Amino acid sequence: MLDLSRFPRIDLIGGPTPIQPLDGLSHHLGEGLNGVRLFVKRDDIGPVGGGGNKLRKLEFLLGQARASGADTVISVGALQSNHARLTAAAAARCGFRCELFLTRSVPREDPDYTGNGNRLLHELFGARVHLLPGEADSLAAATARAAELEGEGRRVAVFPSGGSSALGSLGYASCIAEILEQSSALGIGFRRVVTANGSSGTHAGLAAGLAALGRDPRLAKSYTVLAPLDEARRITLGKARDALALLGIDRAISDAEIVIDGAARGEGYGIPTDGMREAVTLMAQTEGMLLDPVYSGKAFAGLLADVRAGAYRPGDAVLFLMTGGVPGLFAYRGEFGVRPV
Ligand SMILES: *Cc1c(COP(=O)(O)O)cnc(C)c1O
């Protein structure tokens, strides 16, 4: 049992997210799947802000913010940050003011990237947006702004990139407990639970939750889409340890227990790959479901490559976390071959 009851929490999801088989995709790929059974967990659907994995972290981050009397939340991210969007939306829903410090860290200047997708939604959800150059230290800017607002009598909570503090990561410790319950109820023993890894709180939370529950953290595997492999492993391990410490669990977690793959990242964060385009298109056309171009599209491409290469045995069940990010598709419109008429 994972007891999270001492952490203040605001419900932003409303119950377990569904697990469903990828029947259409499996039918389409046929023998190409080597008998592997693919499932998805629908963390991309949620009642606030269009849904996505950041909601699970925000349940704890906003819970803590409310408990500490905050009236304003500030967070950071890239210009097309899903985390920033869901922070703005959840803040609107819960009655906090929201400010965002967004960095131009991805080399894209077209109007879809700079004006549509999440960029549109940040402002639509009422956040005050501060734009910074790519190399700026956005967390330092956010912290300085928090001090300024506190000087004016406001109470401010600052959330790091991706909401991936130890507290935010608890959202995915909670998620893996939910997955293990669903897995017993469905009678499916998953061989792996697969996710994208950006700011690493999702993987760190899954690994910490598994360790806390006495299970093998290697059930979780991620594909890094942001940091190069070694750095992603170091950051994820550090965050998993921090999350376990926050849970008060005295269990060491080692480098070998953090399974990360660097093969799907391509040239870097937010830079499209052929595998991503194939994965997004395949999921859309065989399942009617949407991956995103920055995170889940690359991670699913990595999973497909592994399945095709025989990394799993026939009969293995693999669960892919659908983490959301749909607005990113509108920011990357040109990548999918559709031109205005
Ligand atoms: C942020 C994000 C991820 C990665 O989660 P981290 O906890 O940052 O590693 C995956 N998918 C989507 C759509 C995201 O927005």
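Which residues does the domain assignment of the chain give to domain 1, and which to domain 2? In this predicted model, where residues are numbered from 1 along each chain as its sequence is written, local features need pLDDT of at least 70, side-chain atom pairs count only at pLDDT 80 or more, and totals for chains, interfaces and linings use all residues. Side-chain values use heavy atoms, with hydrogens and water left out.

The assignment, which is automatic or taken from a database, gives the bounds below.

| Domain | Residues |
|---|---|
| Domain 1 | 19-51 + 165-336 |
| Domain 2 | 55-163 |

The C-alpha centres of the two domains lie 24 Å apart, and 34 residues of domain 1 are in contact with 29 residues of domain 2, contact meaning heavy atoms within 4.5 Å. Between them the domains bury about 2300 Å², 59% of it on carbon and sulfur atoms; buried area is the accessible area (1.4 Å probe) that two parts lose on being put together, summed over both. On the side of domain 1, Val48, Leu167 and Ala331 lose the most area to domain 2, and together they account for 22% of what that side buries.

Four salt bridges are counted between domain 1 and domain 2, each being a side-chain nitrogen of Lys or Arg within 4 Å of a carboxyl oxygen of Asp or Glu. A salt bridge also joins the side chains of Arg108 and Glu335, at 3.0 Å from N to O.
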